Amino acid sequence: MLLLAISILTSAKAENSNLVGAWQGPKDMMFNICALPEDRLGICYCGIFRTFGWVNVALTIDGDSLIIKAKDYGSPMVGRFHIESVERLTGTLTMGNPGEDWYFSGPTEFIKQKPIMPDNLNQDLEGIILPSDYGKLALDRDKAWDALSAVSPDSYGYSEKRVVEKLLNAKTYPITPKDLMSFRCVRSIQIDAIDGIFSYPYFNCRFKTVDGKVFFEKTTGSQRKSGYVYQNNSKSLIFLGGWSVNNDPQTKYGSSNSVAGTVYKISPRKAIMIFPTEDNRVEIYELTN
């Protein structure tokens, strides 16, 4: 199994955007640097390929040095590297504990690689899904639960926590893009681990066929998403699109307003889309027909 790790703990800026991609070092240790909102960079995958993964891996860039550090208890890792070029990092790394198969401590280098596509994403979508979205799509439910579990009783909208839990816990059913053609209403539930849960009423939406593919668009309300839906596996779909405001032109996947999410059918008349937006923030679309 390919284990993944997500982190948005970063102060890296967009001027280092040429570092975005996968990097491989000793013991098959790999990490993906991903572009994040607000001109930031973060680690969206970090682990020993097909063996071991870390969570809460922080990335900072200090001048010509790149620093990574894992904060999870029991999964030590810290490295400081000189940015030799956009293809090579050199420095020192300590990871794992003495006696473990993946333990390493000493000078090393990381070489840029092709980004790793998680095993639970449809490999046929490689080249369609941006590598920077691999982590959020592969761990959509984990990120939703993380955000929801952090909402405290004194947070706004706490009374709706059970409603969201029910959506995330619901049984999922086989689904294809064409199964969504009858859905006409959608409402947004925005979860912020710090500020609370913000839910909105139902607005109009539609699914239609465009260029032989199923296209979704929210047609009313101030915040609107639109984009194509692709088969991921028998019980989930991938949404790739963009967001716009009011009657502004729709935006495309890969633009500055790019959006990626996963779709699940949770009853004959209901489906959900999960959009991890940034650290500790997730939006859920609840769809009905």
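Modeller: A salt bridge is a side-chain nitrogen of Lys or Arg within 4 Å of a carboxyl oxygen of Asp or Glu. Keep in mind that this is a predicted model.

Colleague: What makes Lys 208 and Glu 217 a salt bridge?

Modeller: The closest N and O atoms of Lys 208 and Glu 217 are 3.2 Å apart. The cut-off is 4 Å, so the pair counts as a salt bridge.

Colleague: Which other residue meets the side chain of Glu 217 in a salt bridge?

Modeller: Arg 206 does, with an N to O distance of 2.4 Å. Arg 206 is in strand β12 (residues 203-210) and Glu 217 is in strand β13 (residues 213-218), so this pair ties together parts 11 residues apart in sequence.

Colleague: Why is Glu 217 called buried?

Modeller: Its relative accessibility is 5%, and buried means under 20%. Glu 217 therefore counts as buried.

Colleague: Are its two partners buried or partly exposed?

Modeller: Arg 206 has 41% relative accessibility and Lys 208 has 31%.

Colleague: Why is Arg 80 called partly exposed?

Modeller: The relative accessible area of Arg 80 is 43%, and exposed would need over 50%. Asp 62, at 46%, is partly exposed for its part.

Colleague: Now helix α3. Which of its residues are buried?

Modeller: In α3 (residues 161-169), they are Lys 161, Val 164, Leu 167 and Leu 168.

Colleague: What makes you say that they lie on the same side of α3?

Modeller: They cover an arc of only 125° around the axis, which puts them on the same side. As background, an α-helix has 3.6 residues a turn, so residues three or four places apart point the same way.

Colleague: Which exposed residues does the face turned away from that buried side carry?

Modeller: Arg 162, Lys 166 and Asn 169. The buried residues of α3 pack against several elements, among them α2 (140-149), β10 (185-192) and β16 (258-267).

Colleague: Where does Ile 128 lie, and why is it called partly exposed?

Modeller: Ile 128 is in the loop between β9 (104-113) and α1 (134-138). Its relative accessibility is 36%, which falls between the cut-offs of 20% and 50%, so Ile 128 is partly exposed.

Colleague: What does Ile 128 contact, leaving aside its neighbours within four places in sequence?

Modeller: Tyr 230, Leu 240 and Tyr 253. Ile 128 and Tyr 253 are 125 residues apart in sequence, yet 9.5 Å apart in space, C-alpha to C-alpha.

Colleague: And how many helices and strands does the protein have?

Modeller: The protein has 3 helices and 18 strands. Of its 289 residues, 50% are buried.

How values were computed: Residues numbered from 1 in each chain as written. Predicted model: local features only at pLDDT ≥ 70, side-chain atom pairs only at ≥ 80, totals over all residues. Heavy atoms only, no water. Helix = DSSP H or I, 4+ residues; strand = E, 2+ residues; numbered from the N terminus. Buried < 20%, exposed > 50% of the residue type's maximum accessible area, 1.4 Å probe, protein only. Contact = heavy atoms within 4.5 Å. Arc of directions from axis to C-beta.
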